Amino acid sequence: MVLQRDTLSELSTSSQPEASYIFTHKTVFSELLQKVPCTYCTNCTLVIKHHSMGYSTKMELLCESCHESYGSVFSSFQEEAKNSHDINSKLVSAFLSIGRGHAALETFSSVLNMPTMDRKHLPNACTTYP
């Protein structure tokens, strides 16, 4: 069966729930902010600084000119009971449910040029699998 472009767009919008997570390249944020002025110095030098914690990222909005911080957020919710982030648990669970483990998770991360999760944190990230 050959799907045409219109058919593909219908399939992706009609039956699929809205995604909770998206993959986004870091440069997209820079492009989005390049014309947004800082409310303190009015320069258009807002950037997002990143710090990874497994597959979750702490993102802080800063002005490179005046160094004003607009605050920070994580790209994933923290699960207090497990001291882990939701995305870490979900990715570990996904790889384990398809019969793959840490090596496959490392390969996945490497292909996407993402930091990987240390093997010793694998059991902490998912309580579904021991």
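Student: Is Lys 49 buried, partly exposed or exposed?
Tutor: First, this is a predicted model, where local features need pLDDT of at least 70, side-chain atom pairs count only at pLDDT 80 or more, and totals for chains, interfaces and linings use all residues. Residues are numbered from 1 along each chain as its sequence is written, and side-chain values use heavy atoms, with hydrogens and water left out. Buried means under 20% relative accessible area, exposed over 50%, and partly exposed in between (1.4 Å probe, protein chains only). Lys 49 has 43% relative accessibility, so Lys 49 counts as partly exposed.

Student: Which residue forms a salt bridge with Lys 49?
Tutor: Side chains of opposite charge can pair when their charged atoms come close. A salt bridge here is a side-chain nitrogen of Lys or Arg within 4 Å of a carboxyl oxygen of Asp or Glu. The closest N and O atoms of this pair are 3.9 Å apart, and the partner of Lys 49 is Glu 64.

Student: How far apart in sequence are the parts that this pair ties together?
Tutor: Helices (H or I, at least four residues) and strands (E, at least two) are DSSP runs, numbered from the N terminus. Lys 49 lies in strand β1 (residues 46-53), while Glu 64 is in the loop between β2 (56-63) and β3 (69-74), so the parts tied together are apart by 15 residues.

Student: What distance separates the end C-alpha atoms of helix α3?
Tutor: The expected span of a helix is 1.5 Å times one less than its number of residues. With 12 residues (86-97), α3 should span 16 Å, and this agrees with the distance between its end C-alpha atoms, 16 Å.

Student: And is Val 111 buried or exposed?
Tutor: Val 111 sits in helix α4 (residues 102-111). Its relative accessibility is 68%, so Val 111 counts as exposed.

Student: Which residues lie nearest the centre of the largest pocket?
Tutor: On a 1 Å grid over the protein atoms alone, a pocket is an open set of points where a 1.4 Å probe fits, with protein on both sides within 12 Å along at least five of seven lines; lining residues have an atom within 4 Å of a point. α2 (26-33), β1, β2 and α3 each supply at least two residues of the lining. The lining has 22 residues, and those nearest the centre are Ile 22, Phe 23, Thr 24, Thr 57 and Met 114.
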